Amino acid sequence: MNSITVATTHTSTWPITGLLVFAGLTILAGCATQSVAAPKTIYQSGLNTIRLEADPDSSVNSHPATLTATELGTLLRNVRVWERRNAIHRLFSGQADRTRAFRDEEIVLLASHLAKGFAQASPAQRIQFRLSRATDQGEEETTAGWLSIRGRILVLALNEVHDRH
């Protein structure tokens, strides 16, 4: 009598099943997290942009808010900036002059669009702006920063003020 032996091999499906479960959980976790909203452009012309962007410190913003272009223009007109000088520099050159951060034409451009931005902004957003122009010497001059309202305070952070590059 001839005996036939049949050998069977059992292949474990654990690595494939584990991989599929891991991929599924990763996809579900990705769908459950909040997505970062793309910035919303309020105004763009040439090198000038004003847009709503996510505020990393949004827990205290009081948006949307109602401010008129006239009110914002008055506030911006009174912002002054000056160069930071150390003691030795002050000894030879004196105190730095305090100059307006925004020119009249920049205020005209910013004020109405900032008013629109504050009306549209959510508490999780702030208004970012970048104003650039070409100088007579062929350089680019930029003023940039962001604004938000926290309680009754208008917060203005300036990254660049008439910086030439």
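## A buried ring

F102 is buried, its relative accessible area being 1% (buried means under 20%, exposed over 50% and partly exposed in between, with a 1.4 Å probe and protein chains only). The model is predicted: local features need pLDDT of at least 70 and side-chain atom pairs count only at pLDDT 80 or more, while totals for chains, interfaces and linings use all residues. Residues are numbered from 1 along each chain as its sequence is written, and side-chain values use heavy atoms, with hydrogens and water left out.

## The aromatic pair

The structure holds one aromatic pair. The ring centres of F102 and F129 are 6.0 Å apart and the planes stand at 55 degrees, so the pair is tilted (rings of Phe, Tyr and Trp, the last by its six-membered ring, pair if their centres lie within 6.5 Å; planes under 30 degrees apart are stacked, over 60 edge-to-face and the rest tilted). F102 belongs to the loop between strand 4 (99–100) and helix 4, whereas F129 is in strand 5, 27 residues apart. F129 is also buried, with a relative accessible area of 0%.

## The sheet

Five strands form an open sheet in the order 1-2-5-6-7, with antiparallel pairing (strands are DSSP runs of E of at least two residues, helices runs of H or I of at least four, numbered from the N terminus; two strands pair if DSSP finds at least two bridges between them). Strand 1 (40–45) and strand 7 (153–164) are the edge strands, each pairing on one side only.

Strand 6 (residues 140–150) pairs with strand 7 in the antiparallel sense over nine bridges. R150 stands opposite I153 in strand 7.
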